[in-house]
Amino acid sequence: MKKSTTHELLARRFQVMGQHSPVFYEQPLHLVRGEGVWLYDKQGRRYLDVYNNVPHVGHCHPHVVETLNKQASQLNIHSRYLNDNVVEYLERLTASFDDSLSMAMLTCTGSEANELALRMARHATNAQGVIVTDFAYHGNTESVAEIGTGFMPEAKRTKRVKAFAIPDSYRGLAGVKHEELAQAYAAQVRTAVDEFEDAGIKVAAILVCPDFANEGLLNVPAGFLEEAVAVVRKAGGLFIADEVQAGFGRTGKHMWAHQAYGVTPDIVTLGKPMGNGHPLAGVVARPDLVENFSKQAMYFNTFAGTPVSSAVGMAVLDVLANENLQQNAISIGDYVIKGLKRLQSKFELIGDVRGLGMFFALELVLDRKTKLPAIHQAKRLINIMREKGVLISTIGVTDSILKLRPPMPFNETHANLLLETLDASFEQLIEEGH
Ligand code: PMP
């Protein structure tokens with residue numbers, strides 16, 4: 001294998017992957033090893049990972065790695081043969097959902113899962129219209145890019161997608177009282193339905209991430225989602241919950257983020273943390289939807305639902321339970337939020353602190369009254385944090401919200417390091433004159 005310095009590797013990467021393939025940080029990280037919540041670079045320096053949710057139970061967790069190794073050396077085959085693993089895995093997985101969501105189909109990526117969910121919903125409703133937020137990202141296939149209102153060109157061209165304003169209690173809607181926000185956002189969903197109907201397009205689904213994670217991990221006005229789903233269902237559409245980021249116990253109180261709401265989805269999509277880095281994703285849905293869809297559109301996915309993938313999926317569920325990681329998301333989540341609130345009282349720049357279990361957002365603003373986004377400060381801050389050895393990133397419409405989403409075995413010692421480093425980084429930001 002050709003070895004390069006970090007600088008040379010970046011140049012080779014540009015040559016072979018193009019200038020625009022995204023890479024984190026002004027000084028990109030050249031990583032060689034991961035363990036638990038730690039990542040190690042080529043020079044042997046370790047970084048606290050407060051960003052990655054794919055290594056859900058920790059980077060290179062020994063139980064997951066051993067399970068993968070063992071099954072890979074015994075049998076790996078596609079799902080058109082009988083094998084215990086896939087059946088047992090899906091039985092275990094679906095048991096964590098509402099009784100109405102009792103069937104599953106596997107894919108290899110979150111994009112494929114959303115693609116399949118859209119096909120299933122359009123098939124069941126004989127309709128095309130899909131309603132999403134106005135800053136959505138749900139993946140990279142063509143019909144999923146169409147619902148990517150955040151930055152996908154396909155979303156601008158399509159007629160079969162309509163968007164409503166992100167349901168954000170921090171920023172709200174101009175002229176709307178706080179207690180009326182839920183109704184006001186839901187009214188936008190009603191408008192989307194009406195506009196579809198005026199254009200002769202029927203509504204197939206509303207598709208949202210229940211954490212509104214890419215939108216900025218929003219505090220959703222209470223009652224909004226229930227009302228929005230009721231509007232869509234009345235028009236004949238389904239509710240698809242995208243749990244690709246939100247799922248697998250990250251919110252602490254629930255295994256699935258949608259379970260915090262008073263409404264059960266018709267279809268749920270899963271991904272990222274599902275295989276702890278192994279490409280494992282899928283759809284969980286009502287059995288009538290799965291049966292009616294697969295009766296007419298034979299669904300097969302070569303690499304999905306193999307004995308290896310299924311064994312890995314089960315190993316992730318084992319670790320989640322054995323290491324009490326969902327409970328950990330509640331207790332450490334509370335601990336981190338308290339620390340972040342202390343930082344908020346120290347630094348004017350922190351306009352809002354939000355958290356859901358082991359997932360946190362700090363919204364940076366230039367002024368707490370006008371809430372003007374502190375875009376440059378957020379960008380600089382994540383780079384200062386990286387220099388100090390803690391990895392975070394940004395989200396939201398203007399990329400001014402710090403996104404903190406560590407692997408689930410994040411403990412109090414890690415939390416203290418995160419909080420101290422944030423404190424020192426905000427201090428440095430001020431010293432630099434931002
Ligand atoms: N849905 C959401 C909410 C996501 O955040 C992502 C990935 N960022 C996806 C779907 C797509 O998943 P994948 O990259 O595995 O295709």
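**Burial, strands and salt bridges in a predicted model**

Student: Let us start with R354: is it buried or exposed?
Tutor: R354 is buried, because its relative accessible area is 1%, below the 20% cut-off for that class. Please keep in mind that this is a predicted model.

Student: What does the side chain of R354 meet in a salt bridge?
Tutor: The partner is D352, with an N to O distance of 2.7 Å. D352 is buried as well, since its relative accessible area is 14%.

Student: How many salt bridges does the count come to?
Tutor: The count comes to 18 salt bridges. Among them is the one between the side chains of R171 and E363, at 2.7 Å from N to O.

Student: Where in the chain are R171 and E363?
Tutor: They belong to distant parts of the chain, 192 residues apart. R171 is in the loop between β6 and α7 (181-198), whereas E363 is in strand β12 (residues 360-364).

Student: And how accessible are they? Take E363: is it buried or exposed?
Tutor: E363 counts as buried because its relative accessibility is 2%. R171, by contrast, is partly exposed, with a relative accessible area of 34%.

Student: What about R286, which residue does it meet in a salt bridge?
Tutor: The side chain of R286 meets that of D266, again with 2.7 Å from N to O. This pair also links distant parts of the chain, 20 residues apart: R286 is in the loop between β10 and α9 (287-296), and D266 is in the loop between β8 and β9. R286 counts as partly exposed at 22% relative accessibility, while D266 is buried at 6%.

Student: Now for an arginine without such a partner. How far from R250 is the nearest side chain of opposite charge?
Tutor: That side chain, D211, is 7.1 Å away. R250 is buried and has no salt bridge, because a salt bridge requires the nitrogen and oxygen to be within 4 Å.

Student: Which backbone oxygen lies 2.6 Å from a polar atom of the R250 side chain?
Tutor: It is the backbone oxygen of M358. R250 itself lies in the loop between β8 (238-242) and β9 (267-270).

Student: Then to β9. Which of its residues point one way and which the other way?
Tutor: I267 and T269 point one way, V268 and L270 the other way, and all are buried.

Student: How do the strands on either hand pair with β9? Which run parallel to it?
Tutor: β8 and β9 run parallel and are joined by three bridges, with D242 as the bridge partner of T269. β9 and strand β10 (residues 281-285) run antiparallel and are joined by four bridges.

Student: Changing topic, why is β5 described as largely enclosed?
Tutor: Five of the five residues of strand β5 (residues 129-133) are buried, so the rest of the structure largely encloses it. β5 pairs in the parallel sense with strand β7 (residues 203-208) over three bridges, where I131 is partnered by I206. β5 also pairs in the parallel sense with strand β6 (residues 161-164) over four bridges, and there T133 is partnered by F164.

Student: One more strand residue: where is M105 found?
Tutor: M105 is in strand β4 (residues 103-107), and at 9% relative accessibility it counts as buried. M105 and A304 are 199 residues apart in sequence, but their C-alpha atoms are 8.7 Å apart in space.

Student: Finally, how many residues does helix α13 have?
Tutor: Helix α13 (residues 412-431) has 20 residues and reaches 28 Å from its first C-alpha to its last, close to the 28 Å expected. Its buried residues include H414, L418, L422 and F426.

Student: What happens at the start of α13?
Tutor: A side-chain oxygen of N411 comes to within 3.0 Å of the backbone nitrogen of T413. Just after α13, G433 adopts a positive phi of about 95°.

Key:
Residues are numbered from 1 along each chain as its sequence is written. This is a predicted model: local features need pLDDT of at least 70, side-chain atom pairs count only at pLDDT 80 or more; totals for chains, interfaces and linings use all residues. Side-chain values use heavy atoms; hydrogens and water are left out. Helices (H or I, at least four residues) and strands (E, at least two) are DSSP runs, numbered from the N terminus. The expected span of a helix is 1.5 Å times one less than its number of residues. Buried means under 20% relative accessible area, exposed over 50%, partly exposed in between (1.4 Å probe, protein chains only). A polar contact is a pair of N or O atoms within 3.5 Å; within protein, one must be able to donate a hydrogen and the other to accept it, and residues adjacent in sequence count only if both atoms are side-chain atoms. Two strands pair if DSSP finds at least two bridges between them. Lys and Arg count as positive and Asp and Glu as negative; His and the chain ends are not counted.
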